[in-house]
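Try each task before you read its solution.

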Amino acid sequence: MRFEKIIPIDTLKPFVKYFIISENQTESEYKVFPSSGLVVGFQYRGQLFTIHNEVEHALASAGVTGIADSYKVFKNAPHIGTILVYFTEIGFTHFAAHPAHELFNQSVSLDYIFDKNKVNETEERLSDVHSDQKRIEIIEQFLLTQLKDIQIDKLIIEAVRMIYQSKGTIKIKELNEKLAISQSPFEKRFRKIVGTSPKKFASIVRFNTVLDQLGQVKSLTEICYENNFFDQAHFIKDFRQYTGDTPEHFKRFL
């Protein structure tokens, strides 16, 4: 299996965290845990499936996956090749007029969001090249043609910053008070741009903080209370929702 991270060109850096090129010669089934931004994928070779309730669902060769509040199970056919675009928390909004929250917990075909002809053209170009560099250049060109000159609400940008600064532990009431805005209108604006509510977003940030800490020399009790979980039961329940596993069992395989 090959898994390589590539940083985008400077023009795209404010909106795209990185690209991933993933290739696997054998069929495999795997979990993907929640992340804080939307992801676009192009299969330039092979087929990808989601598995839900033990039923396989074939995905479009070019698609977008919204923010999720639980893990997803994927299965790839043999000899698959994929380019993934990991957007920043507010990055996707600079390319698509589609409200990000409507993609919450969804994986849909990319032509649901972008012009079908443009998507097909990009896929055809990908099928004609045979190097990582050329493939990344084609994806970057596609993104540049979709890039919109818009101004993101500064309160949303500040809210994202504050949630990260707290490692996802800030209370939403405290966030609203610091931003001097009532919860209802703020949440509506946040969901449209980021893709989920501030509360769920903070929970995902906290979960990823926990994942990072599991590889450190810390006890599960320390991790639990450092991340402001009410008790061990709450910690285990949240972790199981995001991974399908307990923290103790998960940590054994790191």
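**Exercise 1. Count the helices and strands of the chain, then judge its overall build.**

Step 1. The chain holds 9 helices and 10 strands, where helices (H or I, at least four residues) and strands (E, at least two) are DSSP runs numbered from the N terminus. This is a predicted model, in which local features need pLDDT of at least 70 and side-chain atom pairs count only at pLDDT 80 or more, while totals for chains, interfaces and linings use all residues. Residues are numbered from 1 along each chain as its sequence is written, and side-chain values use heavy atoms, with hydrogens and water left out.

Step 2. Of the 254 residues, 48% count as buried; buried means under 20% relative accessible area, exposed over 50%, and partly exposed in between (1.4 Å probe, protein chains only).

**Exercise 2. Place Ser-22 in the fold and find its contacts.**

Step 1. Ser-22 sits in strand β2, which covers residues 16–24.

Step 2. Its relative accessibility is 13%, and therefore Ser-22 counts as buried.

Step 3. Beyond its neighbours within four places in sequence, Ser-22 is in contact with Met-1, Arg-2, Phe-3, Tyr-44, Ile-80, Gly-81 and Thr-82. Contact means heavy atoms within 4.5 Å.

Step 4. Now look at Ile-83: 61 residues separate Ser-22 and Ile-83 along the chain, yet their C-alpha atoms are 6.4 Å apart.

**Exercise 3. Work out the strand order of the open sheet with 4 strands.**

Step 1. The order is β3-β8-β5-β6, with antiparallel pairing. Two strands pair if DSSP finds at least two bridges between them.

Step 2. The edge strands are β3 (28–32) and β6 (55–58), each pairing on one side only.

Step 3. Zoom in on β3: 5 bridges join β3 to β8 (residues 72–76), and Lys-31 stands opposite Val-73 in β8.

**Exercise 4. Which residues make the contact between α3 and α6?**

Step 1. Helix α3 (residues 154–165) and helix α6 (residues 198–214) have axes 9 Å apart and pack at an angle of about 35 degrees. Axes are lines fitted to C-alpha atoms, for helices over the stretch in contact, and angles run from 0 to 180 degrees between N-to-C directions.

Step 2. Val-160, Ile-163 and Tyr-164 of α3 meet Pro-198, Phe-201, Ala-202 and Val-205 of α6.
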